[in-house]
Amino acid sequence: MVSSRGAHYVSRRLFTALARPTIYETPPSAAQIFLIERLCTKGQLQEALSLFFSLNSQPPSQTYATLLQACAQHRCLREGRTLHHHMLASNHHPDLFVSNHLINMYAKCGCLEFAHQLFDEMPHRNLVSWTALLTGYEQNGRPQDCFRLFARMISHHLPNEFAFASILTSRAASKDGNGGRQVHTLAVKTSFDAYVYVGNALITMYSSCIDSDGGWSIFQTMNCHNLITWNSMIAGFQLCGRGDRSLELFSRMHREGIGFDRATLVSVISSCSDNALSSLEQCQQLHSLVTKSGFVSELEIGTSLVKAYSKFGGSAHDCYRVFSETKHRDIVSWTGIITSCAEREPEEALFLFGRLWMDGLEPDRYTFSIIVKACAALATEHHGLAVHGQIVKAGFEDDVVLANALVHAYARCGAIDLSERVFDQMPVRDTVSWNSMIKAYAIHGQGNEALKLFEQMNIQPDGATFVGLLSACSHAGLLNQGIEIFDTMLKNYEIAPQREHYACAVDILGRAGRLTEAEELVNQMPMEPDSVVWSALLGACRKHGETKIAERASRKLIELEPTNSIGYILMSNIYCAKGSFTDAGFIRKEMKYWRTKKEPGLSWIEIGNRVHEFAAGGRRHPQREAIYAEVEGLVCRLKAIGYVPETSLVLHEVEEEHKEEQLYYHSEKLALAFGLMMTVTSTACIRIMKNIRICVDCHNFIKLASNCVGREIVVRDANRFHHFRDGLCSCSDYW
Ligand code: ZN
Ligand code: ZN
């Protein structure tokens, strides 16, 4: 009978079969045995087992072996165990041949302890027994056990090519170059290195543990290369970050008329993504090769192509075209391609998100979290609202991570009331929830709300909480409260201020005109101040027309952040005012050199469900003539009510008239003009997004414009929100 210990592994159906008497009278017919073997080779294991258990005579060892092999191949542990118990129950003592198959089955199915126990209990072992267990350890990712067994093995047997390949592959997996080299020496001594199988494993081992050149010299000395050899070398180069050589080898393979398979393509496409010198064109070439060779429907290949496309600037439509051709798309692969687009092109990520539903798939929490982040990057709240609706429908409403992301996203879209609503309805809140809401108030200049919320916070705050609070105080001009928070964070909460806290504190002091104190604070910092701290100090100096501290801060800022033009402009203007024109000229030259590397200012505005992008002085928009005319008209109207262009921000060498022109065509002015022109009859608020901080001139300009056209204008810059209404801004001119 079957032992009760093993019984729970046995399926009910098979267990009934096992319960029958196990005394056989006649041997099974040859036809029955043949049929069982045929079913196994065709992969119909369940049918083969049913037939096997219906035999009423003792099957030969070969049949057990065939069935065990099929179980190993399909990783069917339960069925394999049932066979083993059947063997014991029917007094069929496994011989060496069947025992090896048992070890192989248990090892392949991941039951390595049991396989090892059987191995140790064997009265006799041969090379196959050792190799079966060794391969099991290798394939189940247990390189240390694999190495220990190999060391034991070589004192009994000379390993065969399979044992060599397994041990080398396991050395590759554990990045053990020294062990790998020792095995290589042994393989050379025993001439097993001549086997193509061993050669391939050597290439993988060298590329994974040492460098691609070790693998390359093996590749070159091998007498015979099969497809796996080429694949190992191509993958080896890719692994070592030599995508260029991997691509080179692939074209050689192509020239020599050697075919390729999916493994080749996966490595080659990854090499293309990894290689900085690759191009969109190369992705397209690979794509057409993949299409021609019929691999285009394979998910793994499709996803790596998408990755390559998005890396080299392919559009979301390109990505979708590739991806839509793959079969068996699941939510994980969809989320992967949405993620690859989300950071660079949030709009495109939303486009892909819309397509996902067409596959009949449902987004999971992770997909939603990516897409909520994409919504945060866009200016208007309607995307957020739509996704929020889907989250509720999907039953993820109470997910704290998603709710936190929504609080942040709504705040970033200017809809602070919606942030509040999500926050209020959360059944459970973590530190991130409180931080997100405090930060939401901060970027909207609602400092008192942020402080009130902090008083209600019923869990331990962290460093990020204080960044939120301090920036809320600085954005709302709450000097005393801000200083108090900065002073108490260490005393009362044991959170030591970091650079970002110092930057906020400098900002708070600077805003109130306490510049000497602000500079002292910078000098007292226990760590090196970074560019954020210096910019905060510099911004305050600019605001209050202070030059001595500004000079010191500018110099530091230029040192730390040579691409930030503010430091240069102020320095150059200070030198000019002092009459040191040589110094000013030098500063300007330096700035020109770095300027090319600066992030260009871009603004976006959404009109009629389409996002329009504007660059400073850009003329790419189809309605550019009308837009420029609108800006000029607006300039005239605003000058009449007191607009004076802030030309001191433009370099001194430029003629006064040109300076003004440069200012007129800043991206946010173009976006505003376009928005006004497209919504003449509306009174709705105009929303503009900007990737960098809004400049003083545009800020003045938009303030006056909000009064002149009688509309509310909201600008989200890199730092915060500006709500312009009736000639004033919510930031009280400090940002
Ligand atoms: Zn501007
Ligand atoms: Zn403002």
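## A guided reading of the predicted model

In helix 16, the buried residues are G243, R245, S246, L247, L249, F250 and M253; buried denotes under 20% relative accessible area, exposed over 50%, and partly exposed the range in between, with a 1.4 Å probe and protein chains only. This is a predicted model, in which local features need pLDDT of at least 70 and side-chain atom pairs count only at pLDDT 80 or more, while totals for chains, interfaces and linings use all residues. Residues are numbered from 1 along each chain as its sequence is written, chains are lettered from A and ligands numbered from 1 in the order in which they are written, and side-chain values use heavy atoms, with hydrogens and water left out.

Helix 16 spans residues 243-255. Helices (H or I, at least four residues) and strands (E, at least two) are DSSP runs numbered from the N terminus. The 13 residues of helix 16 reach 18 Å from the first C-alpha to the last, close to the 18 Å expected at 1.5 Å a residue; the expected span is 1.5 Å times one less than the number of residues. The cover over its buried residues includes helix 14 (212-221), helix 15 (227-239), helix 17 (262-274) and helix 18 (280-292), contact being heavy atoms within 4.5 Å. After helix 16 comes G257, with a positive phi near 75°. One of the buried residues of helix 16 is R245, and the charged end of R245 sits over the ring of W216, 5.2 Å from its centre. A charge sits over a ring if NZ of Lys or CZ of Arg is within 6 Å of the ring centre and within 35 degrees of the ring normal. Likewise, R125 places its charged end over the ring of F119, at 4.7 Å from the centre.

Helix 11 (residues 161-173) also has 13 residues, and its reach of 18 Å from first to last C-alpha is close to the 18 Å expected. Helix 11 is mostly covered, with 10 of its 13 residues buried. Among them are E161, F164, I167, L168 and R171. An α-helix has 3.6 residues a turn, so residues three or four places apart point the same way. The buried residues of helix 11 pack against helix 9 (127-139), helix 10 (143-153), helix 12 (177-189) and helix 13 (196-209). K175, which follows helix 11, has a positive phi near 50°.

Aromatic contacts come next. The structure holds 28 aromatic pairs; rings of Phe, Tyr and Trp (its six-membered ring) pair if their centres lie within 6.5 Å, and planes under 30 degrees apart count as stacked, over 60 as edge-to-face and the rest as tilted. The rings of F454 and F466 are edge-to-face, because their centres are 5.8 Å apart and their planes stand at 70°. Since F454 belongs to helix 28 (residues 447-456) and F466 to helix 29 (residues 463-476), the pair ties together parts that are 12 residues apart in sequence. F454 counts as buried at 17% relative accessibility, as does F466 at 1%.

Two loop residues other than glycine have a positive phi. N91 has a phi near 55° and is found in the loop between helix 6 (77-89) and helix 7 (96-108). At 60% relative accessibility, N91 counts as exposed. E494 has a phi near 55°, lies in the loop between helix 30 (479-493) and helix 31 (499-511), and is exposed, with a relative accessible area of 72%.

The strands form an open sheet of 6 in the order 2-1-3-4-5-6, with mixed pairing. Strand 2 and strand 6 (728-729) are the edge strands, each pairing on one side only. Two strands pair if DSSP finds at least two bridges between them. Strand 1 (residues 602-607) and strand 2 (residues 610-615) pair in the antiparallel sense over 6 bridges, with I605 opposite H612 in strand 2. These two strands form a hairpin with 2 residues between them, and G608 in the turn has a positive phi of about 55°. Strand 5 (residues 721-725) and strand 6 are antiparallel over 2 bridges, and F724 stands opposite C729 in strand 6.

H666, in the loop between helix 38 (656-664) and helix 39 (667-678), and C698, in helix 40 (residues 696-709), are 32 residues apart and link distant parts of the chain. C698 counts as buried, at 0% relative accessibility.
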